[in-house]
Amino acid sequence: MTITLAIEGSGFTSRTRDDVQYFDHSLFLIDEHGIIQSVLEPDDERYQAERAQAQERGIYHAIAEGSYLLPGFIDLHVHAPQWAQDGTGLDEPLEVWLGKYTFPTEAKFADEAFAHKVYEDLVSRMLSTGTTTASYYATVDRKGSLVLAQEAVRLGQRALVGKVVMDDPEANPEYYRDASAQAAIEETERFIEEVAELSQSSVQGVYPVITPRFIPSCTDEALRGLGELAAHYHDVAYIQTHCSESDWEHGYAYERYGKSDTHMLHEFGLLTDRSILAHSVYLSEEDMEVYAQTGAVAVHCPLSNAFFAGSVAPIRRYLDAGMHVAIGSDISGGYNPDLYGAIRQAVTSSRMLETGVNRDLAAGERGVANSALTLNNAFYVATAGGGESLGLPIGRLEAGYAWDAQVVDTKFPSARLPIFEDNEPTSDIFQKIVNLAVPENIRTVWVQGREVVSK
Ligand SMILES: [Zn+2]
């Protein structure tokens, strides 16, 4: 093991889901694999010697006063092709939005040059706002989907990438669907192999994801076949899909099977410790137990839910039930590619759930008690919680974790944060950063020890 990077700086990392730890001029020693080997505090006996040695070797880097280190963010639900239509159509209901905007957009990504242009832009944009890991839906087209995995590897983002499966001729437009269940399964398997191969040349990791769009767009044959692939490739591939997003989707599974979509995904072999389940808004107590027991993660997409879900996912209850919870931008069901926005929206939505919003009801009858998330809770979900849910050593600035980090400059001239006192409590600085930082404040980003953004 060789130390190849030494960073001295102050900043914040989640200790538990409720507590954020402040560290003051810690010295992070990072090895050639991009892993934090040690974190030394200024009173540590090795601190001075290690710092002097790093300076001598030209690998020492100090974070300026007024700038703070945070772990990179983990966005576990992104429809990458929808970046091309981001911000549009959100005043339409979901089925209109899908048919009029989304499917025509996604169909364009069979053109690899177009895919390259959009994916390069999206990955760069997300890195520049501190998102160091993302789980992406690409499109039905396998080759176009591979472009996304290649761009993430090239630009240095840790990515989970899925070729989307939607094979049911009854449910999907003819111009945009898999040719058959068999073709969908074969193309998925080929995609898994191709991404696994690509991962050999990636330092930060790129992972294939088995991606049935959601139950309503797939035949039982496809779902069963993908479940078999999930078992066969358990250690190689993740699984992602939408689960219990809206009244319609949730009700659909009951109509088709007489059971919840959680139950059916489990039965098809698609709900395991590798499953990334977007939205998960309408889970019953029984569904929640299945999540907790399998280790599947519920990905909270609060902005998208405000447009399309019809209610607010009870994230506090999920955490109390021992479920893994992560956060997602859900580009472009949610328009904001910046995970700071998702953290803020998670807090806002949870407070509205707690108080209720219909002023015609009495205050005591309006809301759902004990629903509010703190900013610390939401930050945890966007960092350490997301990392734990994937079983990867990411999301914390601690020894043994990957050096995925972002530097937030609170004094950047055009985006200065309102910090005026020399002795401002660090917890206030943390809250100002998370609530007020804009992309300009984020100056440097590393993934697995590699500097991928330097503004
Ligand atoms: Zn989605």
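**Close-up 1. Phe308 in helix 10.** Phe308 is buried, with a relative accessible area of 10%, where buried means under 20% relative accessible area, exposed over 50% and partly exposed in between, with a 1.4 Å probe and protein chains only. This residue lies in helix 10, residues 302–308; helices are DSSP runs of H or I with at least four residues, strands are runs of E with at least two, and both are numbered from the N terminus. Phe308 and Leu69 are separated by 239 residues in sequence and, from C-alpha to C-alpha, by 34 Å in space. The model is predicted, with local features requiring pLDDT of at least 70 and side-chain atom pairs counting only at pLDDT 80 or more, while totals for chains, interfaces and linings use all residues. Residues are numbered from 1 along each chain as its sequence is written, and side-chain values use heavy atoms, with hydrogens and water left out.

Close-up 2. The zinc ion is coordinated by NE2 of His77, NE2 of His79 and NE2 of His242, at 2.0 to 2.2 Å; donors are N, O and S atoms within 2.8 Å of the metal (3.2 Å for Na, K and Ca), and sites may look incomplete because water is not among the atoms. Along the chain, the donors of the zinc ion follow the spacing H-x1-H-x162-H.

Close-up 3. Arg142, Glu187, Arg190 and Glu194 are linked in a network of salt bridges, a salt bridge being a side-chain nitrogen of Lys or Arg within 4 Å of a carboxyl oxygen of Asp or Glu. The structure holds 20 salt bridges. One of them joins Glu187 to Arg142, with the closest N and O atoms 3.1 Å apart; Glu187 lies in helix 5 (residues 181–199) and Arg142 in helix 4 (residues 142–155), so this pair ties together parts that are 45 residues apart in sequence. Glu187 is partly exposed at 25% relative accessibility, whereas Arg142 is buried at 7%. Arg190 forms a salt bridge with Glu194, their closest N and O atoms being 3.9 Å apart, and because these two residues are 4 residues apart in helix 5, they are separated by about one helical turn. Arg190 is partly exposed, with a relative accessible area of 45%, and Glu194 is partly exposed at 21%.

**Close-up 4. The salt bridge between Lys163 and Asp178.** The closest N and O atoms of the salt bridge between Lys163 and Asp178 are 2.8 Å apart. The pair links distant parts of the chain, 15 residues apart, with Lys163 in the loop between strand 8 (158–162) and strand 9 (164–165), and Asp178 in the loop between strand 9 and helix 5. Lys163 is buried, with a relative accessible area of 1%, and Asp178 is buried as well, at 5%.

**Close-up 5. A patch of negative charge on the surface.** Asp24, Glu41, Asp43 and Glu65 gather in a patch of negative charge on the surface; patches are made of residues with over 30% relative accessible area and no salt bridge, like charges being joined within 9 Å and nonpolar side chains (Val, Leu, Ile, Met, Phe, Trp, Tyr) within 5 Å. Asp43 lies in the loop between strand 3 (36–40) and helix 1 (47–57) and is exposed, with a relative accessible area of 72%.

Conventions: Areas by Shrake-Rupley, 256 points an atom, 1.4 Å probe, with all protein chains shown as cover. Lys, Arg positive; Asp, Glu negative; His and termini not counted. Charge placed at Lys NZ, Arg CZ, Asp CG, Glu CD.
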